[in-house]
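This report looks at an interface between two chains and then at a single residue. The sequence and structure come next.

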Amino acid sequence: MSQTRLENKRDPFRPVKVAVAFISALLFLFPIIWMFFVSLKPEGTAASSPLDWFAPPYTIGNYVDIILGSDVFLWIWNSFIVGFLTTVLTLLLTSMAAFAFSKMRFRYRKALYLFFLAGLMVPGEAMIIPLYEIIGSMGLLDTYAGLILPGIAAPLGVIILKSFFDGVPNELIESAKLDGCNDFRLYWNVVLPLGKSAVAAVGILTFIGSWNNFLWPFLAIISESLYTLPVGIPMFNSNYSETYILPMTVNAIASIPVIIAFLVFEKQIVKGVSFSGIKG
Amino acid sequence: MKKLTWRDDLRPVPFLIAFFVAYVLFTVYPIFKGMQMSLFNWTLIEQQDFVGLAHYANLLKDPNFWEAFGNTTLFVVLSTPTMVILALVLALMANLNTKLKTFFRGSFFLPSILSVSVISFVAIFMLQPYTGVVNNILQAFGLDKEPFWLATPSLAWVSIIAVTLWWTVGFNMILYLTALQGIPDELYEAAEVDGATRQQMFWRITLPQLLPISRLIFLLQILASFKVFAQILLITDGGPGTSTRPIILYIYEMGFERYDLGYAAAMSYLLFMVLLVLSVIQLRLGGKEGRLL
């Protein structure tokens, strides 16, 4: 842990700093806490001032209504399937490519790597119109495949994983080869397990990215049965103009899996963010 | 080193082919397809007439385009410095040596992983007049006025920037936190031996050590801010009027509401050029950490 020396030196302002940090942290959590309080209020009761939060009545009736009367679980399922398949395919494709770039010598290796790297500079957001046309002409609009495929060739994954695989000692590779390991087993049984922390970090970032992706599903999905969570929520909300309590319950339900996942995977998420910033 | 044979060249093929195909199909091909579409009157019903550079000529005369471009630029100019400075302040707080530091880090980062749909919806109802939490709290502190956050252009911008800050600043904070923890202890120990004060240590050690990462965060943030879309669509839908409409929203409206895909593609292409230039600058100036090779 760095900076401990600095911290240990007596700092007269330390209590003030901790207090300011504490208040800031509460400010960041405030809207999320508010969302959960509102979702527990019966329809028609006040939830607008913080004082209302701590005054009964509370109910879990909204949750029951939403679970029985909306497609929120279908959206969660769609987001999960799309996120899961996107993540698995991305990890497979990027780690295989990273393995080749890290552990094989072949002509035009550097040129090909640069060609892939250049993809970092192509902003998906500016490519939605041609992408829509391409996916459409492939007949994949409004399908799972159409949601998943555009996201799987992410150069950032290749870069992060290659830099990790570079750290796997070549002596290990050579000795595995002497034992008769073919390229595929070398990749699957030797290199991939040694890079698993990086693979996990890339995987989690990919999953979160897909789970929260808004723009592409918003364009590519027409059928309500294929809505992912970020698209389903606004569509649901727009049916309610008078009240916000039921929509807030949908938002709360949508956030619970993410918050749990965050508490479980915080380390890997933080690691993934650090990689992605430093390398790209 | 022995000379590479065709056998060596074939070895990586099974490992690269799938990525290569997907990459060419969904990253490289759209660039050329977009260029082609921008030269046609391209509608959803596949009516395609070649119009050359007419879309680009029209774009340069389109006041709506310039307004959207100006809005996006305004967002970049206002949000980038706040995003960087606030991220540093939050990282310093999360790096305080207390038992609460995990709580601080978690709280600052948590909004970043929530869906933009959730974030935007919560924001709309917190900011609404008369019954919104924000106005209620401000009035508890003595504000007489009833601010219409999302119905007044300048306040709508303040709201969008504040929401974006809340939603995404945690990402930059993590980058700063990682960098802070990477500063060698010896630097502080040496400074302490020399009798440096805490302020001196901050200005002479911490900040200079953070310079490369700051440059990188700044450039990444400009790129990210230029692509602003979802939270504006969901919170103000570009309003009031068109005063908060960014470029991507205008592209979306042209392409998917007015079905003028050719014109939208031309606009996308201009945005692509701007972002490409910014990316190249990022790769050149991003410092050792930002340079990819």
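Contact here means heavy atoms within 4.5 Å. By that rule, the contact takes 113 residues from chain B and 108 residues from chain A. The model is predicted, so that local features need pLDDT of at least 70 and side-chain atom pairs count only at pLDDT 80 or more, while totals for chains, interfaces and linings use all residues. Residues are numbered from 1 along each chain as its sequence is written, chains are lettered from A in the order in which they are written, and side-chain values use heavy atoms, with hydrogens and water left out.

Buried area is the accessible area (1.4 Å probe) that two parts lose on being put together, summed over both. The interface can be set out as follows.

| Item, chain B and chain A | Value |
|---|---|
| Buried area | about 9900 Å² |
| Share of buried area on carbon and sulfur atoms | 75% |
| Salt bridges | four |

A salt bridge is a side-chain nitrogen of Lys or Arg within 4 Å of a carboxyl oxygen of Asp or Glu; K227(B) forms one with E125(A), where the closest N and O atoms are 3.8 Å apart.

Leaving aside neighbours within four places in sequence, S95(A) is in contact with T90(A), L161(A), F165(A), Y187(A) and L192(A).
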